[in-house]
Amino acid sequence: MALTLLEDWCKGMDMDPRKALLIIGIPVECSEVEIQDTVQAGLQPLRAYRVLGRMFRREDNAKAVFIELADTVDYTTLPSHIPGKGGSWEVVVKPRNPDDEFLIRLNYFLKDEGRSMTDVARALGCCSLPAESLDAEVVPQVRPPPLEPLKESMWYRKLKVFSGTASASPGEETFEDWLEQVTEIMPIWQVSEMEKRRRLLESLRGPALSIMRVLQANNDSITVEQCLDALKQIFGDKEDFRASQFKFLQTFPKIGEKVSTFLLRLEPLLQKAVQKSPLSVRSADMIRLKHLLARVSMTPALRGKLELLDQRGCPPNFLELMKLIRDEEEWENTEA
């Protein structure tokens, strides 16, 4: 769903979804200038904004553009579609009504669990017969069924938050404390593997969440156990950061390896090198970018974009860089 894509993107970039919107249905042959002109003309209420990322959607055979707004806007003034090249482009925003957002999330949850609103009413002990269909004599005799215990899949204790950043924010846990809680609670959850994975991702932020989303994109059937193993390899090692930095610097792409695959293999080594070192997350973004430019053979178009970001001193984070590289790889496949 487009709304889910918008929320995932906002969560991966740790930004307020009220300051973001998504444009979907852009033809692949549409140039950057055409995109900018169309958005500016179609979304007049926007005073200032910037494009944060792009991606190719196979299911639509079109591109999607993620936009950050300078400030929150009144979404009632924004159209749901804008006229553009090849037809109308869909504008996806955060739901305007908090109740609508709650119902959307509830419907997604029920769909994943194979349930319906009727099941919720039954679990809460609500009478399924409308009041006006009951006789006045019968009403006093009608008693709601006894409340059944709530299904574990409908009510559960959320996990603590873990991000994997070098300096954890207030409310975040260390990897050891977070992993201890996950190991304790996971066997109790009597739900599907998909729901377990969703709850696990719900507790992640920052680099940890970005890495898990990329792993999930590469393997739709990845299990929770495999997710935890990957996090242990990245964040659970107590290796000296100097040794981790040496391993990172000595990592080269394999023959015929895609740039996106190499980046995915490189990221755990970089996170290990940064986690126990005085380097900041912003430094890690620049180190990642310079390492790719120095070690990887890539197309002139991709190298030109990365060198421009390097010259401007605006290195993308892991998720932004992965999206940029995959977008270029999709273009190469399309042209081929």
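A: Let's start with Cys30, which is buried, with a relative accessible area of 3%. "Buried" here means under 20% relative accessible area, while over 50% is exposed and anything in between is partly exposed (1.4 Å probe, protein chains only). Keep in mind that this is a predicted model, where local features need pLDDT of at least 70 and side-chain atom pairs count only at pLDDT 80 or more, though totals for chains, interfaces and linings use all residues. Residues are numbered from 1 along each chain as its sequence is written, and side-chain values use heavy atoms, leaving out hydrogens and water.

Cys227 is buried too, at 2% relative accessible area. As for disulfides (cysteine sulfur pairs within 2.5 Å), the structure holds 0. Across the protein's 336 residues, 39% are buried.

Now the helices. The protein has 13 helices and 5 strands, taken as DSSP runs numbered from the N terminus (H or I, at least four residues, for helices; E, at least two, for strands). Two packed helices are described by the angle between their axes and the distance between the axes.

Take helix 5 (residues 175–185) and helix 8 (residues 224–235): they pack at about 165°, axes 11 Å apart. The axes are lines fitted to C-alpha atoms, for helices over the stretch in contact, with angles from 0 to 180 degrees between N-to-C directions. That angle makes helix 5 roughly antiparallel to helix 8; the label applies over 145 degrees, with under 35 roughly parallel, 65 to 115 roughly perpendicular and the rest oblique. Helix 5 passes helix 8 in a left-handed crossing, meaning the near helix is turned anticlockwise from the far one by less than a right angle (clockwise would be right-handed).

Who meets whom? From helix 5 come Phe175, Trp178, Leu179 and Val182, and from helix 8 Leu228, Leu231, Lys232 and Phe235, where contact means heavy atoms within 4.5 Å. By class, that contact has 7 nonpolar residues, no polar ones and 1 charged. Nonpolar covers Ala, Val, Leu, Ile, Met, Phe, Trp, Tyr, Cys and Pro; charged covers Asp, Glu, Lys and Arg; the others, Gly among them, are polar.

Here's another pair: helix 10 (residues 259–275) and helix 13 (residues 318–335) pack at about 160°, axes 9 Å apart. Helix 10 is therefore roughly antiparallel to helix 13, and their crossing is left-handed.
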